[in-house]
Amino acid sequence: MSNESKEIELIKDPGLPAHQHRRTDVDEKYAKIAERQVAILFMLSVAGTLLLIYSYIFIDTDTFIFIPIFGDQNAHQLFLGLGMAMALFFIGAGAIHWAKQLMSDEEVIAQRHEFRSDEVDRAEFVKTVKEGAAVAGLGRRPLIKRTLGLALGLSGLTPLLLLRDLGPLPGNEQKETSWKAGTRLVTDPGDRPIKASDLEVGAVAQTLPEIIGEDKHRKLSDIAKDAVLLIRLRPEDFNLDDERLSWTHEGIIAFSKICSHMGCAVALYEQQTKHLLCPCHQSTFDVTRAAKVIFGPAARPLPQLAVTVDSEGYLIAQAPFNEPVGPSFWGRSA
Amino acid sequence: MTARERIAGNVAGYVDDRVGAARYLKKSLKKVFPDHWSFLLGEIALYSFIILLVSGTFLTFWFDPSQREVIYDGEYAPLKGVEMSAAYASALDISFEVRGGLLMRQIHHWAALLFMVAIVVHLLRVYFTGAFRKPREFNWIIGIGLLTLGIVEGFLGYSLPDDLLSGTGIRIAEAIMQAIPVVGSYLSYFAFGGAFPGEAFIPRIYIVHVLILPGIFLALITVHLMLVWYQKHTQFPGPGRTEKNVVGYPLMPVYMAKAGGFFFIVFGVTAFLGAVASINPIWLYGPYTPGQVSAGSQPDWYMGWLDGLVRMAPPLESVIFGYTISWNILIPGLILPGIMFTLLALYPFIESWATGDKREHHLLDRPRNNPNRTAIGAMALTFTLVSLLNGGNDIIATTFDLSINQMMWFSRIGVLVLPPIAFIVTKRICLSLQRADRELVLHGRETGRLVRLPHGEFVEIHEPISPEKAWLLTSHEQLAPLELPEFDAAGVKRPQALKNKIRNRISRAATTAIPKATESERREIEHH
């Protein structure tokens with residue numbers, strides 16, 4: 001626009017406006033008032049520190065007081081914090097009030113310089129680099145250049161190699177769970193075996209595989225794959241093929257509780273709709289259709305565990321899971 | 001000379017004899033900084049970082065970053081006898097047994113949230129005013145680096161206490177790792193020292209959280225500030241302010257007192273929040289176990305938009321040659337954020353390519369005077385906000401009695417449709433504001449005083465605006481669009497014809513503007 005025609009006259013810069021003096025600049029009385037105000041602010045900070053010290057020593061750590069809106073608050077930590085907040089805040093308020101009222105508020109103009117070095121310096125720099133390179137002779141001695149490149153590149157492998165022992169290789173572990181044919185389902189928590197009759201229609205139970213042997217301790221990494229949800233519906237509610245129907249027992253159906261999307265626990269069961277909902281990303285699974293995904297980002301149904309009862313009437317797994325549980329990974333279907 | 005002055009002089013002389021600092025300091029202490037409230041945003045980020053270092057160091061004295069299982073036997077009765085990791089138990093001890101521990105934990109968390117807010121708002125200020133332009137591109141890129149690391153640092157921070165919520169977050173991070181083609185399972189097994197969750201992860205991210213990332217932060221922040229110092233701060237346009245000067249207050253004493261005072265104010269406000277506002281009450285969540293989750297699990301806000309993208313992703317997964325690729329995780333969790341951060345980092349170069357403007361800029365733009373940039377910013381912001389909204393879709397749905405499915409569909413459609421609408425609307429608003437500026441300069445301010453002329457006509461009196469205001473509204477330069485030749489002198493298409501055509505078109509869009517008012521036009525109107 002500006003170079004379109006010469007006659008166009010632009011609006012001119014009137015320059016920095018004249019400095020306006022503050023009351024505190026011209027009248028010592030106001031300056032004195034400002035000085036006292038700054039001192040009061042600093043003294044409020046002192047009061048804050050005293051409050052902090054008092055609270056630390058004299059308020060019991062288990063005293064609670066009721067404060068509207070915030071409810072019951074631990075008095076010790078509340079007054080400790082309020083003291084600290086006062087102590088800090090008023091130092092800042094005092095310093096800023098001081099700067100604004102009593103220090104000069106006249107704006108100063110400084111000049112900028114161009115960042116670009118001048119041509120002579122630039123040329124000399126290029127010359128220095130070229131000379132340096134010539135002395136090293138990298139261009140003339142390709143053998144040195146190439147072997148150095150190889151050496152540097154290969155030495156970069158060292159950290160990769162040394163970090164190898166960060167963890168074991170996954171092997172087949174991701175595809176396996178503790179469930180085997182005949183493993184009893186036990187309650188979590190409680191580790192009690194479950195009879196079909198323990199579950200009423202509409203009930204849900206969180207279960208884990210029974211641990212046989214001395215050490216009853218469960219590793220979290222086992223729970224992360226073994227957690228199973230039991231749900232009991234009326235058998236006529238199911239909409240399953242014959243094979244999947246044979247994996248249920250008198251309306252009891254079992255799914256991996258680990259979401260097939262990102263591994264959260266699929267913890268919300270809606271009794272009315274018979275939907276399972278993952279609270280992390282809202283993937284929704286239809287229990288009557290073998291946990292088919294009906295909404296949300298999950299791409300696969302929850303793996304179903306085939307259940308039946310043993311001779312004593314306790315619920316057991318018919319077989320291990322027929323697919324890996326939890327989120328997808330590269331070698332999942334290989 | 002008083003005795004005190006003599007001592008001060010002697011100390012200064014002693015130091016200068018050895019390091020020669022006077023030469024440098026006499027200039028530095030007079031360094032001029034322009035004043036504007038929006039320049040405080042970066043300061044808030046810096047100060048909350050310092051608060052994080054101080055409060056974080058306090059927490060390390062008691063925190064035990066170990067996933068070894070212990071039986072809790074502390075002050076908090078509801079969890080007595082529960083099996084948990086030593087990390088969670090020590091975080092409970094900090095909250096209930098260390099005096100001031102809960103306060104420090106809450107200050108640390110509030111400061112982290114403030115740190116990220118300040119970074120993001122500072123970034124928006126720099127973006128919308130064009131402060132990233134030459135010669136400040138390096139500082140822009142460092143800033144994007146700090147933003148990215150801040151997100152990671154924050155995530156690691158709230159993962160450390162090993163409560164049910166943080167464990168759920170780690171589980172999701174593990175699923176993203178696993179979804180990476182070919183190497184995903186290996187990465188996950190190496191990071192966790194075996195199957196999730198294992199016992200290695202918390203100690204490992206602890207050292208990253210308290211040493212490696214803070215070290216990188218310190219280095220980057222130092223360079224960031226040194227560049228601000230060396231290149232001098234940008235300033236808003238106004239009377240007496242040019243590309244060649246800086247108008248403001250000297251470092252010593254005004255700026256030191258103001259900036260130093262502001263640090264205490266930020267610290268004071270964070271301490272106040274830590275005292276009265278409960279944040280991340282880990283004792284309510286319980287220890288992490290993979291078989292449980294609490295409803296309404298939410299990440300901290302700066303991760304929320306990522307979680308929102310993951311939630312709205314369509315359920316796509318393919319099996320190619322027997323290998324599984326989870327698009328539903330890869331696209332929202334890695335590919336989209338990767339593209340967004342790359343575009344953000346490259347924006348200064350993209351804009352200077354589009355406008356052909358390679359000059360230095362020290363005067364800031366008013367956002368309306370660069371409608372295209374402002375509209376692109378509004379578009380990106382809308383995309384991120386819709387994602388963030390979807391990250392809390394469960395909370396919003398339950399609070400406002402909506403169905404979660406409606407919320408999700410709103411976001412799925414909105415995330416595609418709303419950003420272009422934001423672009424168009426913003427660009428129009430900018431151009432309208434330019435028109436209003438032009439009117440104001442040419443016709444003056446509406447006074448609201450109506451006058452009846454002798455022949456019966458009513459007119460409103462307009463008052464001319466001050467020369468300072470008129471200068472502010474017209475001092476910006478308006479770039480002409482590029483006109484790269486498509487044909488050579490003989491009328492034959494050049495080899496770069498298509499490229500030039502595209503660049504001309506983009507440049508036309510980037511330089512759209514309402515011609516600013518000039519003195520000549522003003523004079524012409526007066527003559528009428």
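Predicted model: local features only at pLDDT ≥ 70, side-chain atom pairs only at ≥ 80, totals over all residues.
Residues are numbered from 1 along each chain as its sequence is written, and chains are lettered from A and ligands numbered from 1 in the order in which they are written.

Chain B contains 19 helices and eight strands, where helices (H or I, at least four residues) and strands (E, at least two) are DSSP runs numbered from the N terminus. Taken along the principal axes, the box filled by the C-alpha atoms of chain B is roughly 90 × 80 × 60 Å. Of its 528 residues, 40% count as buried; a residue is buried if 20 or more other C-beta atoms lie within 10 Å of its own, exposed if 12 or fewer, and partly exposed in between, with C-beta atoms placed from the backbone.

Helix 1 of chain B, residues 3-19, reaches 25 Å from its first C-alpha to its last, close to the 24 Å expected for its 17 residues at 1.5 Å a residue, the expected span being 1.5 Å times one less than the number of residues. The count of buried residues in this helix is zero, and helix 1 of chain B is accordingly described as hardly covered. It is followed by G20(B), which has a positive phi near 60°. In helix 7 of chain B, by contrast, 16 of the 16 residues are buried, so this helix is largely enclosed by the rest of the structure. Helix 7 of chain B covers residues 164-179, and the 23 Å between its end C-alpha atoms agrees with the 22 Å that its 16 residues should span at 1.5 Å a residue.

Helix 3 (residues 40-60) and helix 5 (residues 101-128) of chain B pack at an angle of about 155°, with their axes 8 Å apart; axes are lines fitted to C-alpha atoms, for helices over the stretch in contact, and angles run from 0 to 180 degrees between N-to-C directions. The two helices of chain B are therefore roughly antiparallel to each other, since angles under 35 degrees count as roughly parallel, over 145 as roughly antiparallel, 65 to 115 as roughly perpendicular and the rest as oblique. The contact of helix 3 with helix 5 of chain B involves 17 nonpolar, six polar and two charged residues, where Ala, Val, Leu, Ile, Met, Phe, Trp, Tyr, Cys and Pro count as nonpolar, Asp, Glu, Lys and Arg as charged, and the others, Gly among them, as polar.

Strand 3 of chain A is joined to strand 4 (residues 245-250) of chain B by four bridges, and V108(A) has G248(B) as its bridge partner.

Strand 9 (residues 275-277) and strand 10 (residues 284-286) of chain A are joined by three bridges, with L277(A) opposite T284(A). Elsewhere in chain A, strand 1 and strand 2 form a hairpin with three residues between them, and I69(A) in the turn has a positive phi of about 75°.

Several loops carry particular backbone features. The peptide bond between D188(A) and P189(A) is cis, with omega about 0°, and P189(A) lies in the loop between strand 4 and strand 5 of chain A. A cis peptide bond also joins F196(B) to P197(B), with omega near -10°; P197(B) belongs to the loop between helix 8 (184-192) and helix 9 (201-231) of chain B. F321(B), which is not a glycine, has a positive phi near 50° and counts as exposed, with 6 C-beta neighbours inside 10 Å.

Technical notes:
Pairing = 2+ DSSP bridges.
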